Amino acid sequence: MNMKRMRFYVVLGVALLLSGSPFVNSGWSETERDILSFVSKKGEDSPIILMNTGGAILERLTTDPGKPSNFTWSPNGRSITYDSWQGGNFDIYVMDVEANTHRQLTFDGIRDQLPVWSPNGKWIAFISDRAGGKTIYRMDVNGENVKQLINKKDCRKPAWSPDSQWIAFSSEHSLWVMDAEGRRLRELTWTTRSSECSWSPDGKQIAYMSNAPNGGSEVFSIDVNGKNRRQLTRTDGPTIIRDPVWSPSGKWIAYIVGQIPFGGAWADQIMTNGVVSLVNTVNGAGGKPIEATKGLPKQSLQWRPKRLLSVSPSAEKQTTLWGKLKQPESTTK
């Protein structure tokens, strides 16, 4: 084979890899590419449910040991990190989804929860009581080199920026941003409630939950410079919203929404009786409910990262190549 033809095939192969061509067997149909996942606390196993936006359940993942409460995906979509209650304490674990193997990462005897994998695959940020209150730590994905990042207490689940250089979180009824080393702390806006948050795929905005004039809560977005605060959802009546998460395409934010019960335990009520909905991030259109999620216990809502290839000839090598082509370098060492 001459060199020109060989170069053509190499370029063609890379083009197909980047374009998601139908000639590449990805293992997912077009209608299943946007996949939501959440913990379903029902029964003995509390599986992690994978569901497409049409409401079809695609898979149930059972973690071991224990029942997971919160989880996030690795950047390549092949593993998860989760917290689980075992022996009177919460610890953090990693599960290889395809091999169904599990590793425990924390052993300190203190409550460690809400692990979040960085997009560059290097770190897991999490919440721990090690310093006497819920504050943010960072560790390597093997559980080593644990570092406390901030002294603030009562922090909510951290959220990594797409380039892994920044972390957003809520604490003391405000939304904050700091760099990956715990420096350059900035307050972006008040939230009136402690809130989960997530970054837009382009790294320019952050979605979060805050109180609204109707007496409930709504999904808002704000630019990372603290400007252009927008209310994206407008629900009927007093509602509570949890887990606003930006879709990989940037077009949608998924969230769990339910009515605030009268005199009831709202967290349990929303988890069981709420519904996963979608709102368009451009014009706020939607509030589109996924009816199949109603009555199904759910928490820790996540979008599954898009796996480029899931089958041979060598999924690992292809994933590695994609990471080298696509992943921006982190400036933190």
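Colleague: Is C197 buried or exposed?

Modeller: The model is a predicted one, and in it C197 has a relative accessibility of 9%. Because a residue counts as buried under 20%, C197 counts as buried. C155 is buried as well, with a relative accessible area of 2%.

Colleague: How many disulfides are there?

Modeller: A disulfide is a covalent bond between the sulfur atoms of two cysteines. In this model the count comes to zero disulfides.

Colleague: Which residues have the most contacts inside the largest nonpolar core?

Modeller: In soluble globular proteins, nonpolar side chains tend to be buried together. Here the largest nonpolar core has 15 residues, and those with the most contacts inside it are I136, I150, C155, W160, I167, F169 and M178. Two or more residues of this core come from each of β8 (112-117), β9 (123-128), β13 (166-171) and β14 (174-179). The most is given by β9, with three residues.

Colleague: With which residues is W160 in contact, leaving aside its neighbours within four places in sequence?

Modeller: The partners of W160 include V116, W117, W123, A125, R138, I167 and W199. A second, separate core has 13 residues, among them M51, I256, L278 and L301.

Colleague: In what order do the four strands of the open sheet lie?

Modeller: Strands of a sheet pair through backbone hydrogen bonds, either parallel or antiparallel. In this open sheet the order is β8-β9-β10-β11, and the pairing is antiparallel. At the edges stand β8 and β11 (147-148), each with a single partner strand, so one side of each has no neighbour in the sheet. Between β8 and β9 there are four bridges, and V116 stands opposite A125 in β9.

Colleague: Which residue takes a positive phi in the hairpin of β22 and β23?

Modeller: That residue is G284, with a phi near 75°, in a hairpin that has five residues between the strands. Strand β22 (residues 275-280) pairs with strand β23 (residues 286-290) in the antiparallel sense over four bridges. L278, named above as part of the second core, stands opposite K288 in β23.

Colleague: How many salt bridges does the structure hold?

Modeller: Side chains of opposite charge can pair when their charged atoms come close. The structure holds 10 salt bridges. In one of them the side chains of K147 and E181 meet at 2.6 Å, N to O. This pair links distant parts of the chain, with K147 in strand β11 and E181 in the loop between β14 and β15 (186-190), 34 residues apart. K147 counts as partly exposed at 30% relative accessibility, whereas E181 counts as buried at 14%.

Colleague: With which residue does D179 form a salt bridge?

Modeller: The partner is R183, the closest N and O atoms being 3.6 Å apart. D179 is buried, with a relative accessible area of 3%, whereas R183 counts as exposed at 53%.

Key
Residues numbered from 1 in each chain as written. Predicted model: local features only at pLDDT ≥ 70, side-chain atom pairs only at ≥ 80, totals over all residues. Heavy atoms only, no water. Core = buried A, V, L, I, M, F, W, Y, C linked by side-chain atoms within 4.5 Å. Buried < 20%, exposed > 50% of the residue type's maximum accessible area, 1.4 Å probe, protein only. Contact = heavy atoms within 4.5 Å. Pairing = 2+ DSSP bridges. Disulfide = S-S within 2.5 Å. Salt bridge = Lys/Arg side-chain N within 4 Å of Asp/Glu carboxyl O.
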